[in-house]
Amino acid sequence: MLFLSKYPELRIVIKPAYHQIINGIREYTPGKDIQFHNRRFETDDPEVIEFIKNNNSFGRDIVAAEGISKPSVVAQKLQAEEIAYRNN
């Protein structure tokens, strides 16, 4: 599924990375995130799709491009909205 963002390089953290001490040794536990590139993110992972759809930004800053014939037009509209918002 293709998602479009109003921000060109939006990053959403699903699970944060962290350090922990186990038996006196500091260990790094990597996290998981979603990274949009050029306002686009595509995935087939049902957990990631569900996470995005349940995110507060979905419908406002992020839209699903399913059923949209020209996703680039939607991306341009989102970009124009962001520019107008920043100028106000």
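These are my notebook entries on what I looked up in a predicted model of a protein.

**Entry 1: overall layout**

I began with the secondary structure. I found 2 helices and 7 strands in the protein. Along the sequence, these elements follow the pattern β-β-β-β-β-β-α-β-α. I then looked up burial, and of the 88 residues, 31% count as buried. For contacts, I took those with a separation of 6 or more, and 65% of them are between residues 24 or more positions apart.

**Entry 2: the sheet**

Next I looked at an open sheet of 3 strands. The strand order is β6-β1-β7, and the pairing is antiparallel. Because β6 and β7 stand at the edges with a single partner strand each, one side of each has no neighbour in the sheet. From one strand to the next, the twist averages 25 degrees.

I also noted how β1 and β7 meet. Their antiparallel pairing runs over 3 bridges. Serine 5 is placed opposite isoleucine 62, which belongs to β7.

**Entry 3: helix α1**

I moved to the helix α1, which spans 46–54. α1 lies across β1, β6 and β7, and runs at about 35 degrees to β1.

Which residues of α1 are buried? I found Val48, Ile49 and Ile52 to be buried. They sit on the same side of α1, because the arc they cover around the axis is only 100 degrees. Pro46, Glu47 and Asn54 lie on the other side of α1 and are exposed.

I then asked what covers the buried residues of α1. The cover includes β1 (2–5), β2 (11–15), β5 (32–35), β6 (40–42) and β7.

Threonine 43 is in the loop between β6 and α1. Its relative accessibility is 11%, so threonine 43 counts as buried, the limit being under 20%. Leaving out residues up to four places away in sequence, I found that threonine 43 touches Met1, Phe3, Val48 and Ile49. Val48 and Ile49 are among the buried residues of α1 noted above. A polar atom of the threonine 43 side chain lies 3.0 Å from the backbone nitrogen of aspartate 45.

Aspartate 45 in turn caps the N-terminal end of α1, with a side-chain oxygen 2.9 Å from the backbone nitrogen of glutamate 47. Aspartate 45 is partly exposed, with a relative accessible area of 26%.

The side chain of aspartate 45 also meets that of lysine 32 in a salt bridge (3.7 Å, N to O). Because lysine 32 lies in strand β5 and aspartate 45 in the loop between β6 and α1, the pair ties together parts 13 residues apart in sequence. I looked up lysine 32 as well; it is partly exposed, with a relative accessible area of 39%.

How many salt bridges does the structure hold? I wrote down 4 salt bridges.

One of them joins the side chains of lysine 6 and aspartate 61 (3.5 Å, N to O). This pair links distant parts of the chain, since lysine 6 is in the loop between β1 and β2 and aspartate 61 is in the loop between α1 and β7, 55 residues apart.

Are lysine 6 and aspartate 61 buried or exposed? Lysine 6 has 10% relative accessibility and counts as buried. Aspartate 61 is buried too, with a relative accessible area of 9%.

Aspartate 61 forms a salt bridge with arginine 60 as well, and the closest N and O atoms are 3.4 Å apart. Arginine 60 counts as partly exposed, at 48% relative accessibility. Through shared partners, salt bridges join Lys6, Arg60 and Asp61 into one network.

**Entry 4: glycine 59**

I ended with glycine 59. Where does glycine 59 lie? I found glycine 59 in the loop between α1 and β7 (62–64). Glycine 59 counts as exposed because its relative accessibility is 59%, and the limit is over 50%.

I also checked glycine 59 against serine 5. The two are 54 residues apart in sequence, while their C-alpha atoms are 9.7 Å apart in space.

Conventions. Residues numbered from 1 in each chain as written. Predicted model: local features only at pLDDT ≥ 70, side-chain atom pairs only at ≥ 80, totals over all residues. Heavy atoms only, no water. Helix = DSSP H or I, 4+ residues; strand = E, 2+ residues; numbered from the N terminus. Buried < 20%, exposed > 50% of the residue type's maximum accessible area, 1.4 Å probe, protein only. Arc of directions from axis to C-beta. Contact = heavy atoms within 4.5 Å. Polar contact = N/O pair within 3.5 Å; in protein donor to acceptor, adjacent residues only side chain to side chain. Pairing = 2+ DSSP bridges. Axes fitted to C-alpha atoms, helices over the stretch in contact; angles between N-to-C directions.
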